[in-house]
Number of protein chains: 2
Amino acid sequence: MIQLHDVKHCSSDYVIAVRDTLNVISGKWKLPIIGSLLYGKKRFKELERDLGKITPRMLSKELKELELNSIIKRSVYDTTPVTVEYELTPSGESIRAVLDVMVSWGLQHRQAVMKPEPMKPDPMSISANKA
Amino acid sequence: MIQLHDVKHCSSDYVIAVRDTLNVISGKWKLPIIGSLLYGKKRFKELERDLGKITPRMLSKELKELELNSIIKRSVYDTTPVTVEYELTPSGESIRAVLDVMVSWGLQHRQAVMKPEPMKPDPMSISANKA
DNA sequence: TATATCAGTATACTTTAGTATAGTAGTATA
DNA sequence: TATACTACTATACTAAAGTATACTGATATA
């Protein structure tokens, strides 16, 4: 099993692994969809209502992509009318840990940017000069 | 200080905090730029050579955005010709922890998808039927 | 004088992501 | 008969992201 320490020394493999994760959650709608499904399985129309302004075209496209990436599972039941349920796979559930870390960093960073430590004026920082 | 547990019960605040983080690293070049700067401060041309196929227009644009987001710090030295150095801020450095978690998930997920557990055939999974 | 380096900018273009609007089939209800 | 529900699809569009190519001014080197 390849792990973090195996790719840490290799910038390109590291970046590839990050991008794998990034691709799963980037775009305008993937995150809200996953977020909604973290609260439990949902039908197509339920998701549509949950997400507010999404078009069925986008929802359909995103769900297909998430299914292809094994993040969600699609189940069809032959009720009338047909019922289609979407739910997170174990892999999809496990991304919650990644999101939690992103939330923590996001909140921390926001604090760091909003109220920066008052700095003592440093002449070097006003007109830096080198060599 | 707002923390993870404060937003965990609120789907929209949670998603906003994730997106704050996502915005910092998404796009084609932000990640390679941050990755390169994790190895130490670099000048414009050094980054350009490091990143291979990036155009100066994109590099300039991305660096400006990262600086605006307090991820990197730009220092100008009045040498001849002028020297401009880019380096990660403490906040920028701290994103490494987020990337590490993303790498771990990315590698795990790839394994999960590539060699899925052989499942015992389950009649329910072949033609699901509900109510 | 010609060329190269630095750190970029300007203009025009292509590609990708996302939106708007309408329509499908099958069934159920008013 | 008309409307509404399910889970979508089709076509056409706009907006955002990224690329290609050429250029800038100041200085240094051949």
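## Two chains, one axis

The model is predicted.

How do the copies meet? Of the interface residues of chain A, 100% are also interface residues in chain B, so the copies meet through the same surface.

## A helix crossing between the chains

One contact between the chains pairs helix H6 (residues 90–114) of chain A with helix H2 (residues 11–25) of chain B. Their axes come within 7 Å and cross at roughly 80°. H6(A) is therefore roughly perpendicular to H2(B).

From H6(A), the residues in this contact are A:Arg96, A:Leu99, A:Asp100, A:Met102, A:Val103, A:Trp105, A:Gly106, A:Leu107 and A:Arg110. They meet B:Tyr14, B:Ala17, B:Val18, B:Asp20, B:Thr21, B:Leu22 and B:Val24 in H2(B). By type, the residues of the contact of H6(A) with H2(B) divide into 10 nonpolar, 2 polar and 4 charged.

## The sheet of chain B

Chain B has an open sheet of 3 strands. The order is E1-E3-E2, and the pairing is antiparallel. Strand E1 (42–43) and strand E2 (72–77) of chain B stand at the edges. Each has a single partner strand, so one side of each is left without a neighbour in the sheet.

E1(B) pairs with strand E3 (residues 83–88) of chain B over 2 bridges, in the antiparallel sense. Across this pairing, B:Lys42 stands opposite B:Tyr86 in E3(B). Helix H3 (residues 30–37) of chain B packs on the sheet. H3 touches E1, E2 and E3 of chain B, and its direction makes about 95° with that of E3(B).

## The sheet of chain A

In chain A, an open sheet of 3 strands has the order E1-E3-E2, again with antiparallel pairing. The edge strands here are strand E1 (42–43) and E2 of chain A, and each pairs on one side only.

E2(A) and E3(A) are joined by 6 bridges in the antiparallel sense. A:Ile72 stands opposite A:Leu88 in E3(A).

## A helix pair within chain B

Helix H4 (residues 44–51) of chain B packs against helix H5 (residues 56–68) of chain B. The angle is about 115°, with the axes 11 Å apart. Which hand does the crossing of H4(B) and H5(B) have? The crossing is right-handed.

B:Phe44, B:Leu47, B:Glu48 and B:Leu51 are the contact residues in H4(B). Their counterparts in H5(B) are B:Pro56, B:Leu59, B:Ser60 and B:Leu63. The residues of the contact of H4(B) with H5(B) divide into 6 nonpolar, 1 polar and 1 charged.

## Backbone details in the loops

A:Pro81 lies in the loop between strand E2 (72–77) and strand E3 (83–88) of chain A. In chain B, the bond from B:Thr80 to B:Pro81 is cis, with omega near -5°. B:Pro81 sits in the loop between E2 and E3 of chain B.

A:Ser70 is not a glycine, yet has a positive phi of about 60°. This serine, A:Ser70, is found in the loop between helix H5 (56–68) and E2 of chain A.

Terms used
Residues are numbered from 1 along each chain as its sequence is written. Chains are lettered from A and ligands numbered from 1 in the order in which they are written. This is a predicted model: local features need pLDDT of at least 70, side-chain atom pairs count only at pLDDT 80 or more; totals for chains, interfaces and linings use all residues. Side-chain values use heavy atoms; hydrogens and water are left out. Contact means heavy atoms within 4.5 Å. Two strands pair if DSSP finds at least two bridges between them. Helices (H or I, at least four residues) and strands (E, at least two) are DSSP runs, numbered from the N terminus. Axes are lines fitted to C-alpha atoms, for helices over the stretch in contact, and angles run from 0 to 180 degrees between N-to-C directions. Angles under 35 degrees count as roughly parallel, over 145 as roughly antiparallel, 65 to 115 as roughly perpendicular and the rest as oblique. Ala, Val, Leu, Ile, Met, Phe, Trp, Tyr, Cys and Pro count as nonpolar, Asp, Glu, Lys and Arg as charged, and the others, Gly among them, as polar. A crossing is left-handed if the near helix is turned anticlockwise from the far one by less than a right angle, and right-handed if clockwise.
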